[in-house]
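Have a look at the model first, then we'll go through it topic by topic.

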Amino acid sequence: LGIGLAFVVLPDAVGHTLRGIEETAAWWQATPGMASTSLGGRLELWALCLELWQQSPVFGIGTGHYLTELTALTDARQDPLLAVNPNLAAHAHSAYLQSLVAQGLLGFLPLLGVLLLPAIRGWQLAIRAKSRPELACGLCCLGVAGCFLIFGLGEAWNAKNSFTSLFLLAQTPLMAWSSRTLSDPEFLKGQGAPVAETP
């Protein structure tokens, strides 16, 4: 629904979407000059990030070494990516790849848990809701989590700290309500779940 409304409220959304598809197709076909475009440059960068991650897949290369290692890799290959698209130098433009490269799997899995847990709790409450407020809370919890799961595809969290704060502030009351409701004996009884009786 939100994506559909975006095309109505933001007329340029269609143009941006079509341009993104064109850039992706051009990158896939190795069309020259794609490194200077927004999405084409990101795809080029992500391929390099996967190579950096493979250098230390479990522990990562370290939070402060990303730009140094990326620059060394592009210099060694004489890859002009950072020269033609300097906006890509600061971070990986992906919360997931930034975490994989810098902290490895040990840092990536907790991040994934922080993002997925609210989505799971929101989904559980939405499908088990017995009232409109419960349904609304579940959908809100799921919606905020979904937005940030998608947001993480194209941006790193350290580049948008205000978004990270917004995510945490929005999810705290929603998670509290969802978790309380899902663990409420009366709620569970209504779902046919066995409830342990207190002696």
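**Helix packing and loop residues**

A30 sits in the loop between α2 and α3. Helices here are DSSP runs of H or I with at least four residues, strands are E runs of at least two, and both are numbered from the N terminus. Keep in mind that this is a predicted model, where local features need pLDDT of at least 70, side-chain atom pairs count only at pLDDT 80 or more, and totals for chains, interfaces and linings use all residues. Numbering starts from 1 along each chain as its sequence is written, and side-chain values use heavy atoms, with hydrogens and water left out.

**How α2 meets α3**

- Helix α2 covers residues 12-28 and helix α3 covers residues 38-55; they pack at about 40°, with axes 8 Å apart.
- Those axes are lines fitted to C-alpha atoms, for helices over the stretch in contact, and the angles run from 0 to 180 degrees between N-to-C directions.
- That makes α2 and α3 oblique to each other (under 35 degrees is roughly parallel, over 145 roughly antiparallel, 65 to 115 roughly perpendicular, and the rest oblique).
- On the α2 side the contact uses G20, E23, T24 and W27, and on the α3 side S38, L39, G40, L43 and E44; contact means heavy atoms within 4.5 Å.
- By class, that contact holds three nonpolar, four polar and two charged residues.
- For those classes, Ala, Val, Leu, Ile, Met, Phe, Trp, Tyr, Cys and Pro count as nonpolar, Asp, Glu, Lys and Arg as charged, and the others, Gly among them, as polar.

**Two residues from that contact**

- G20, in helix α2, is buried at 17% relative accessible area (buried is under 20%, exposed over 50%, partly exposed in between, with a 1.4 Å probe and protein chains only).
- Setting aside residues up to four places away in sequence, L43 touches T24 and W27.
- The C-alpha atoms of L43 and G154 are separated by 9.8 Å, though the two residues are 111 apart along the chain.

**α6 and its partners**

- Helix α6 (residues 95-128) and helix α7 (residues 132-154) pack at about 160°, with axes 7 Å apart.
- α6 and α7 therefore run roughly antiparallel to each other, and their crossing is left-handed.
- The α6 residues in this contact include Y96, L115, P118 and W123, and those from α7 include E134, C141, F148 and L153.
- The α6/α7 contact has 18 nonpolar, three polar and one charged residues.
- α3 also packs with α6, at an angle of about 10° and with axes 9 Å apart, and the two are therefore roughly parallel.
- Here W46, C49, L50, L52 and W53 of α3 meet L97, L100, V101, G104 and L105 of α6.
- That contact divides into nine nonpolar, one polar and no charged residues.

**The loop between α2 and α3**

- A30 has a positive phi, near 55°, in a residue other than glycine, and counts as exposed at 61% relative accessibility.
- T37 is in this loop as well, but T37 is buried, with a relative accessible area of 16%.
- The T37 side chain reaches the backbone nitrogen of G40 at 3.1 Å, a polar contact (a pair of N or O atoms within 3.5 Å; within protein, one must be able to donate a hydrogen and the other to accept it, and residues adjacent in sequence count only if both atoms are side-chain atoms).
- Leaving out neighbours within four places in sequence, T37 is in contact with E23 and N85.

**The loop between α5 and α6**

- H91 lies in the loop between α5 and α6 and counts as buried at 9% relative accessibility.
- H93 is in the loop between α5 (81-84) and α6, and H93 is buried at 7%.
- Phi of H93 is positive, near 55°, in a residue other than glycine.
- A polar atom of the H91 side chain lies 3.0 Å from the backbone nitrogen of H93.

Conventions:
A crossing is left-handed if the near helix is turned anticlockwise from the far one by less than a right angle, and right-handed if clockwise.
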